[in-house]
Amino acid sequence: MTAEILSVGTELLLGDIINTNAAFIARELKQLGISAYFQTVVGDNKERLIAALNSAAARSDIIITTGGLGPTADDITKETAAEFLGLELTLDENLWNGIREGMLKRGRPVTENNKKQALLPNSGRFLHNANGTAPGVIMEKNGKTVILLPGPPFEMEAMFKNEVIPIIIQKTDTRFYSKTLRICGIGESQAEDMLKDVIETQTNPTIAPYAKSFEVHFRVTAASADAEAARKLAQPVIDKIYAVLGENIYGEDETTLEEAVISLLLKKKLTLACAESCTGGLIASRLVNVSGVSAVFMEGIVSYSNESKVTRLGVSPETIEKYGAVSKQTALEMAAGAARVLNCGVGLSVTGIAGAGATGLSVAATDAAESNIAGADIAKTAGRRGVPESDICAEDKADKQTGLVFIGIFVGGHVTAEEFHFTGSRNRIRGQSAQTALDLLRRKLLNGN
Ligand code: ATP
Ligand code: MG
């Protein structure tokens with residue numbers, strides 16, 4: 001069976017956005033063992049879209065489109081595909097009522113063009129959109145299947161996983177078993193290198209790496225005539241990957257790093273307090289993604305200024321004076337202080353130099369505690385900018401570089417801190433700091449604390 005991808009959107013043709021949808025679908029098809037020999041990009045233009053559908057239908061069994069399912073006039077994929085297959089569109093009252101009610105509930109005005117999203121080609125059926133309004137559509141005619149998916153990747157990817165994969169699997173005689181192993185703390189190339197021997201000798205199951213933000217996923221997929229046989233093919237390879245990567249694997253399938261951390265805290269009946277400087281609440285925000293987190297996560301303090309570190313967390317002013325706000329010693333005292341002040345078994349701290357952001361004020365006003373500029377210079381600069389000197393808290397006199405981050409962990413009565421050197425934009429450094437802090441805590445908890 002062959003499939004091909006038809007990406008619809010003038011933005012794509014003009015290079016305004018990158019065609020990540022095609023890359024995602026291509027990888028998924030490969031995992032499913034479906035051959036995909038062509039990818040096309042076409043603008044929001046009816047004639048050219050029909051021409052592209054024509055070529056695709058002449059050479060592939062399944063055509064998967066993305067984009068152009070929204071309510072606006074330039075969203076023409078469904079109407080055009082229905083016309084191409086000679087199918088009529090009728091309003092699905094049930095779906096229309098659902099869309100209308102949803103919009104009213106959210107206080108959004110319902111306009112006539114929203115009705116477009118509830119138009120269904122006869123003999124077609126809708127695919128549920130878990131993350132948005134526009135449903136997908138699947139239509140079949142003369143042995144050809146056309147699957148229309150929305151453009152926003154967040155909507156498309158969920159729809160592909162939940163709705164499209166089962167349909168494709170049904171169409172093949174092959175049954176699949178797949179498991180995703182989620183890895184952090186080591187980079188993609190290091191992980192691949194460690195797994196070299198396992199990956200090289202495998203064709204069924206396949207092992208596909210996916211680089212994600214600050215982590216790597218490996219999806220193991222086995223194909224066989226029945227699902228249980230596929231599982232049995234995959235399991236020894238999954239075991240081998242566990243044997244090689246060990247505790248670098250933090251979870252499977254949809255498990256997130258924060259979930260892994262929280263389940264360890266629950267298991268060990270420990271409570272957590274966070275003291276975040278350069279991450280500014282990113283860690284807390286990730287923790288509260290997990291429902292039920294209130295059993296273990298007590299409080300997160302965004303302790304940005306030196307004054308806050310002293311008054312809220314009990315960091316000694318001498319420590320900051322001697323070593324700087326961005327130092328191992330300060331990270332140690334922040335972690336221990338958070339645990340003590342908030343009466344928790346575990347304290348997690350981050351202090352670092354995230355550097356200037358694309359839109360940030362350049363010097364003292366935003367970054368005083370984490371600037372790599374000597375304290376005296378900050379004072380001068382800030383003075384010139386009209387920032388009162390008393391607001392400036394950078395007694396960090398050492399020549400510290402952007403990306404320098406210290407992460408402290410207090411657990412089991414002991415406090416430790418580690419030094420990191422991250423690179424990239426301000427947001428990247430902050431994201432990496434939050435990820436690494438969660439991962440370090442996970443490893444500490446795993447190793448008996
Ligand atoms: P909407 O209801 O948002 O209008 P849609 O299904 O009509 O969705 P488009 O209007 O084509 O889809 O695209 C909406 C947005 O989705 C684009 O602005 C872009 O951000 C993203 N997008 C569309 N196609 C792709 C693609 N191939 N790869 C990555 N992102 C895409
Ligand atoms: Mg649109």
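**Helix pairs, a metal site and some single residues**

I began with helix 3 and helix 4, and found that helix 3 passes helix 4 in a right-handed crossing. Handedness here means the near helix is turned from the far one by less than a right angle, anticlockwise for left-handed and clockwise for right-handed. The contact takes in Lys46, Leu49, Ile50, Leu53, Asn54 and Ala57 from helix 3, and Thr77, Thr80, Ala81, Glu83 and Phe84 from helix 4; contact means heavy atoms within 4.5 Å. I sorted these residues into six nonpolar, three polar and two charged. For that sorting, Ala, Val, Leu, Ile, Met, Phe, Trp, Tyr, Cys and Pro are nonpolar, Asp, Glu, Lys and Arg are charged, and the others, Gly among them, are polar.

Ground rules, before I go on: this is a predicted model, where local features need pLDDT of at least 70 and side-chain atom pairs pLDDT 80 or more, while totals for chains, interfaces and linings use all residues. Residues are numbered from 1 along each chain as its sequence is written, chains are lettered from A and ligands numbered from 1 in the order written, and side-chain values use heavy atoms, without hydrogens and water.

Helices (H or I, at least four residues) and strands (E, at least two) are DSSP runs numbered from the N terminus. The axes of helix 3 (residues 46-59) and helix 4 are 10 Å apart, at an angle of about 55°. Axes are lines fitted to C-alpha atoms, for helices over the stretch in contact, and angles run from 0 to 180 degrees between N-to-C directions. The two helices are therefore oblique to each other; under 35 degrees counts as roughly parallel, over 145 as roughly antiparallel, 65 to 115 as roughly perpendicular and the rest as oblique.

Next I checked burial in helix 4: Thr77, Lys78, Thr80, Ala81, Ala82 and Leu85 are buried, that is, under 20% relative accessible area, with exposed over 50% and partly exposed in between (1.4 Å probe, protein chains only). Just after helix 4, glycine 86 has a positive phi of about 70°.

What holds the magnesium ion (ligand 2) on the protein side? I found Asp75 (OD) and Asp75 (OD), 2.3 to 2.7 Å from the ion. Donors are N, O and S atoms within 2.8 Å of the metal (3.2 Å for Na, K and Ca), and water is not among the atoms, so sites may look incomplete. Aspartate 75 sits in the loop between strand 3 (62-66) and helix 4 (77-85).

Then I turned to helix 10 (residues 257-267) and helix 17 (residues 426-446), whose axes come within 9 Å and cross at roughly 30°. This crossing is left-handed. Buried in helix 10 are Leu257, Glu258, Ala260, Val261, Ile262, Leu264 and Leu265. Their cover includes strand 12 (249-252), strand 13 (272-276) and helix 17. Just after helix 10, lysine 269 takes a positive phi of about 50°.

Last stop, two single residues. Glutamine 31 lies in helix 2 (residues 20-31) and counts as buried, at 6% relative accessibility. Beyond four places in sequence, glutamine 31 touches Phe176, Thr206, Ala208, Tyr210, Arg219 and Thr221. Isoleucine 169 is in helix 6 (residues 153-171).
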